[in-house]
Each structure stands twice: as structure tokens, then as C-alpha cells.
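Please open the model in your viewer and keep the selection tool handy.

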Amino acid sequence: MKKVSFGEMRCSLARSLEIIGDWWSPLIVRDVYLGLVRFDDIALNLGISRNLLTLRLRHLVEGGVLKRTAYQTRPVRFDYQLTEAGEELVPIILALTAWGDRWAQPQEGQPIRFVHRTCGCALIPKITCSACGEDVNASDVSALPGPGGAALPGTMVLAKRLARATSA
């Protein structure tokens with residue numbers, strides 16, 4: 001089955017999903033963040049086929065999320081590290097994990113606990129406003145057209161609706 005490409009959509013969310021939107025990529029990013037940086041460790045941890053892992057790692061490297069570094073020359077072997085873009089995904093992965101702990105937790109309980117190193121307390125990520133610091137919930141946000149907004153695939157209807165809302 002051929003995957004639909006979001007790479008040309010005029011939507012930042014869609015273009016992000018083009019890079020990290022498959023099922024495996026967030027899990028791979030999580031594993032690398034948690035120190036599983038070698039191919040065999042990631043494959044074993046996730047139970048992913050070697051073919052699929054090779055494809056996903058290549059895609060994440062090409063997308064600027066991971067970088068690979070040779071740690072052995074005969075045979076050549078690589079480990080994977082998060083790039084700056086990959087590190088910026090970590091809070092998103094933590095937030096998705098917290099959502100899963102709340103709404104889709106395994107019956108046996110929370111599989112991984114994250115602790116904030118600064119204060120030593122269990123971490124439950126929150127989204128806050130970068131200007132005022134208040135917690136942000138769905139009802140607290142308004143959407144306005146951005147400079148790249150256009151009635152093109154990805155924002156075909158939204159761009160028109162946002163433009164009407166601001167002109168009203």
C-alpha cells in the first residue's frame with residue numbers, strides 16, 4: 001500500500017507528520033533519547049523487523065531528527081543520536097506518553113516513569129503559554145492566519161475560514 005505524502009502540503013503539522021508520523025518513529029526517538037543508540041538494541045527493544053528499522057532510521061536521519069556516527073569500522077556499524085530537531089521532539093514524546101498513561105495505560109500500570117531531574121518529582125508534561133506561562137487547554141487557543149497560510153492542500157478550507165474570522 002502506497003503511503004500518502006504530506007511533504008508538499010501547506011500545513012506545518014502535515015509536514016511534521018511526513019517526517020515522524022508513522023507508528024515507529026516516535027518510539028525510535030524515545031528509545032534513542034533513553035540511550036538505546038545502536039541498531040540491534042532498538043530492533044530488539046521494539047520488536048521491529050530489521051528492514052523496517054533500516055528504512056525508519058534512514059528517514060529520520062534524512063529528516064534531520066537523528067544523526068548517525070560510525071563507532072566501528074570492520075564491519076562498519078553506526079549509532080544514532082538526536083539532533084537539535086530530535087531533542088525538540090522529546091517534550092512532545094513525553095506529552096504523548098503522559099496522554100497514553102492517562103487514556104490508554106496498560107492494565108499493569110504505567111510502563112515508564114519520567115522524573116524531572118531539577119526537582120526530583122514525577123513529570124507530567126503540560127503545555128504552557130510561552131508569553132504568560134499559564135497552562136494551555138484546547139478552549140484557551142484561537143487560530144489566526146499565518147504568513148504562509150493559503151487555500152492549498154493541508155489548509156484548503158481552514159485558510160478561508162481563518163481569513164473570514166479575522167475580517168469579521
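Start by selecting Val29, Arg30, Tyr33, Val90, Ile93, Leu94, Thr97 and Phe114, the residues that line the largest cavity. A cavity here is a set of points, on a 1 Å grid over the protein atoms alone, where a 1.4 Å probe fits but cannot get out, and lining residues have an atom within 4 Å of a point. Helix 2 (24-33) and helix 5 (84-103) are the elements that give two or more residues to this lining; helices are DSSP runs (H or I, at least four residues) numbered from the N terminus. Helix 5 gives the most, with four residues. Color by residue type and you will find six nonpolar residues, one polar and one charged, where Ala, Val, Leu, Ile, Met, Phe, Trp, Tyr, Cys and Pro count as nonpolar, Asp, Glu, Lys and Arg as charged, and the others, Gly among them, as polar.

The volume is about 40 Å³, taken as the space filled by probe spheres set on the points, with grid points joined across faces, edges and corners. The whole structure has one cavity of 30 Å³ or more.

A word on the model: it is predicted, so local features need pLDDT of at least 70 and side-chain atom pairs count only at pLDDT 80 or more, while totals for chains, interfaces and linings use all residues. Residues are numbered from 1 along each chain as its sequence is written, and side-chain values use heavy atoms, leaving out hydrogens and water.

Arg56 is buried at 12%, whereas Asp22 is partly exposed at 22%.

Then pick Asp135 and Lys126, another salt bridge (3.2 Å, N to O). Asp135 is partly exposed at 39% and Lys126 is exposed at 59%.

Last stop: Cys132, exposed at 52%. Its sulfur is 3.8 Å from the closest cysteine sulfur, in Cys129, too far for a bond. A disulfide needs a pair of cysteine sulfur atoms within 2.5 Å, and the count comes to zero.

How values were computed:
Buried < 20%, exposed > 50% of the residue type's maximum accessible area, 1.4 Å probe, protein only. 1 Å grid on protein atoms, 1.4 Å probe; cavity = no way out; pocket = protein on both sides within 12 Å on 5 of 7 lines; lining within 4 Å. Salt bridge = Lys/Arg side-chain N within 4 Å of Asp/Glu carboxyl O.
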